Every structure is written in structure tokens, then in C-alpha cells.
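Look at the sequence and the model together.

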Amino acid sequence: MSNIIVLGAQWGDEGKGKIVDLFSERFDIVARYQGGHNAGHTVYIGSNKYVLKLIPSGILRPGKLAVIGNGVVVDPAALMEEIETLERVGIDVRTQLAISNRAHVILPYHRLVEKISEDSPDRVKIGTTARGIGPAYEDKIGRRGIRIADFIDPKAFAQAYPALRRDKQAVARAFGITTQDDDVLERYQELAGRIKPMVRDTAVLLNDAVRAGKRVMLEGAQGTMLDIDHGTYPFVTSSSAAAGGACTGTGLAPTRINGIIGVSKAYITRVGGGPFPSESLDSYGDRIRKAGNEFGSVTGRPRRCGWFDVPLLKYTAAVNGFDSLIVTKLDVLDEIEEIKVCVAYKIDGELIEDMPPRVEDLARVEAVYETVPGWMSSTHGAKRYQDLPLAAKNYVSFLQERTGVEVGCVSTGPERNQTMVLRGTRLEKLIG
Ligand code: GDP
Ligand code: IMO
Ligand code: MG
């Protein structure tokens, strides 16, 4: 019985939601382990579109359990809004969802201090999603955060809140900002009462479930290049998006994980600031953005687009130990005559092997490209590998060979069935 992690191999938005939704049919529990409502995981089921932010994509399968793990930061207002949106379309969220009692809470003052930081001329502008994610994790690591277990205890929350609010207001005042937030405690106590029935010790729940023979899929948010440790720091999110975060962020023991699956686009995108060696600033970038509808599912921001980056993928494969790679959005390249692939980096004319740790260096690497012929025909919706045009198969083989990671699945459209799991792969075994 295998338990797997499915996570982003690039800078996020790789199509994790679609893949997790597809595979969730074969798993009993889907758990998120980090991030918060900065994520936007899009799932199409027939003509219905769902964008999941905090709630694991497994919620869309009746009877499956969805877990928000301890590593997630939960904005109670955003959570209730998401629950109600899903309930309006008939999803039985409250019986299917379990929220960790150890997850930390995002409160309005977190958004306030994030805005101050992002607007400040003296600080690096990260281009965040403005959801309060970073400041909530700062409080967690600073050991002053409010956890769900305290949040749902009216006395504990009322005791902890004023001091934290005072701290954040002092920061706001120093930047000349005054706020009207007198009703926050009351409003959030009411939200806490609504969340309480879904709160569990999810680490115990997950480990018990695995012992009882249930299958668990851990769903990453963001991507490895946005990981706080392994990403392009400081242009990262504030959590451990890479595979290591899946165990700390759920309490599921590392010995219980049987497979780690990376999701990457057939090209690459990035939202927000930070270096991007294979970014295509010419008309190809625009063509990919248009064909791939590359606009943020949460913020609507246009995504920066570029060519598949082999050194980056090798790096994320190494830090995650990918067993298999899923290549999504192959169909987006259908009309590109010649497809470029970044196969190496050069700095000062020298080829480099490792990912530079400093963004200043990554910003000045020169991407070395190889060009492969496009297929100039539609792969959209293809379900069988043998139906792909030869040039498309060659492209998939090229990515597999250069990255050194098995390509176990190819996605050719946003819908569940527009996907092919390749025969005889490790992926097929892991999800089988
Ligand atoms: P996530 O954050 O990794 O779940 O990805 P997003 O949902 O933010 O962005 C991926 C977008 O691509 C969504 O709109 C998906 O519906 C869409 N998508 C996923 N796989 C494919 C695919 O193979 N082809 C096409 N054309 N769209 C896809
Ligand atoms: P999914 O799960 C793409 C980016 C933001 C910004 C940086 C920090 O849908 O793949 P944050 O608000 O997290 O402090 O912002 O991280 N970012 C994402 N980019 N996909 C995401 O999630 C992202 N979540 C955060 O654009 O550059
Ligand atoms: Mg997304």
C-alpha cells in the first residue's frame, strides 16, 4: 500500500491540483502539508471549474478525507469562504475535512505587516500573494503564533490576541498607518466556533489510518523553487514546499512515504519577482502565456513564461528524490515550430553544474539552449502515448533523458481524462 507525495518541481502552478484530483480516486486521504490560501489549485470536472486554495484537492471525491496538516497556515475567514463555496455546489465539506489542531492561524494583522513590508522602499519586494502567509510563519517560527487548538478555545484566544495585535499595531504606527480592527476578536471568535467541529489531531489520524491500511497522498503547494530553504531565496514563499516538508507538515512518519512525484510543465512559469534564467521575454513568452492561459488562479497576475529548464529540474529532482515526473500542459506547445530547452547554465562564460545559492548569481546566469522540432499538430486531450505525434514523443523522451528522471505521466488538457500514465513506469506502480 503506497503513500505518496505529489509536489511542484518548478515555481508553482505546475498543474498539481489536476493531478492530485485525478489520483485521489485511488487514495483514501489527501493532505496538504504547507502553505495556505496563497495556493490556487485548479480542477476541472466536466464543465465545472474549482479553484482550491486551502482545502486539499481530494475534497472533490465524495467519501475521501481531506486533511489540512499542521504545517499549513490557516486564514479562518478564507477557509470558511472556501468551505461555503464548495458547499454551495453540493460538496459535503464538513464531513470530509479535518483541520490540524497544531496548524497556525493567519489573522488580519499578518496581512497588514506584509503590505507594509511589500510597500516599503527599503525592503526587497517579493511580489507576494498578499495573504499574510510570510508574517504568519514568522510568528510560528518566532514562537508567538496562535495555533488552531488555542484559536478554538475562546479563553486562550482572547488571552493571546491583544499582545500580538499590539505588537503589529506598533509596527503599523511606525510606518504611519492606523487601522480600524476593534471587531476582529469578536468576528474571529465566531469563525473559531464554526471551525471547531472539524479540528482533529491530524498527525494521529494520519498515522492510525496508514496503520489500518489506508492510502495517503500528500499534496504540495507552491513548488520546490519557492521553498524557503531550497528555492530562490528571498524570492520564495515562507514554507517547506519540498518533499521534506511533507512529513514535518503532517506528522506522517518519513518511513511511511513510498514515493515522491514531481509535477512540472512542459515549459516553465513564475509569478512574482526573482531570477528566471530561461524566461522568454520575446513573442514566444506571450504565445505560451496565451496558449496556456498563464494568469494566476488566485491573483489573476500574468505569469512569466519561459522554456523548460533542465538544470533547475535536476536540482529539484535531487532535493526531492523524485521517483517519477509528471509533465503537464504538453498541448500548450502544439503550435510552437521550434521548442527551446535550457540544457545548461553559464556564468562568466563558464558552464556551471550546481544551482547558485545567491539570486544575484542566478540572475546573471546565461541559459544555454538546445532547440528541438515542434509537432505543429494538436495533442490537446490525447489520452494514449501512442497517439502523440512523433516529435511530441521525442520531446518527452528528451526531457526524461536530460533530467535523468522517469516521465511517468503526461497531461494534455485541464480535465481528468486528458492524461496518460505511461505503462511500466514507477509511477504506474505507485498509484496502482
Ligand atoms: P497548481 O497550482 O499546480 O494546481 O496549478 P494551477 O491550477 O495554478 O495552474 C495550472 C493551470 O493549467 C490550471 O488552469 C489547470 O486547469 C491547467 N492545466 C493543468 N494541466 C493542463 C494540461 O495538461 N493542459 C492544459 N492546457 N491545461 C492544463
Ligand atoms: P500553487 O500552490 C505560484 C509565489 C508568489 C510570490 C512568492 C511569495 O498554486 O502552485 P507568498 O504569498 O507565498 O508569500 O508569495 O511565492 N507563490 C506562488 N507562485 N504558485 C503558487 O501556489 C504560489 N504561492 C506563492 O507569487 O512570488
Ligand atoms: Mg496554482
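An oxygen atom of ligand 1 lies 3.4 Å from a polar backbone atom of Thr-412. This is a polar contact, meaning a pair of N or O atoms within 3.5 Å; within protein, one must be able to donate a hydrogen and the other to accept it, and residues adjacent in sequence count only if both atoms are side-chain atoms. Gly-413 has a backbone N or O atom 3.0 Å from an oxygen atom of ligand 1. For Gly-17, the distance from a backbone N or O atom to an oxygen atom of ligand 1 is 2.8 Å. Taken alone, ligand 1 exposes 590 Å², and the protein buries 92% of that. Such accessible areas come from the Shrake-Rupley method with a 1.4 Å probe; for residues, only the protein chains shown count as cover.

This is a predicted model: local features need pLDDT of at least 70, side-chain atom pairs count only at pLDDT 80 or more, and totals for chains, interfaces and linings use all residues. Residues are numbered from 1 along each chain as its sequence is written, chains are lettered from A and ligands numbered from 1 in the order in which they are written, and side-chain values use heavy atoms, with hydrogens and water left out.

Now turn to ligand 2. It has 20 residues around it, and Lys-16, His-41, Thr-129, Gln-222 and Thr-237 come nearest. A side-chain N or O atom of Thr-129 is 2.5 Å from an oxygen atom of ligand 2. For a polar side-chain atom of Lys-16, the distance to an oxygen atom of ligand 2 is 2.7 Å. Asp-13 uses a backbone N or O atom, 2.8 Å from an oxygen atom of ligand 2. Alone, ligand 2 exposes 550 Å²; the protein buries 97% of that. Its shell holds seven nonpolar, ten polar and three charged residues.

Finally, check the backbone. Most residues other than glycine have a negative phi, and most peptide bonds are trans. Asp-13 has a positive phi, near 60°. The peptide bond from Tyr-233 to Pro-234 is cis, with omega near 5°.

Key:
Near = heavy atom within 4 Å. Nonpolar A, V, L, I, M, F, W, Y, C, P; charged D, E, K, R; others polar.
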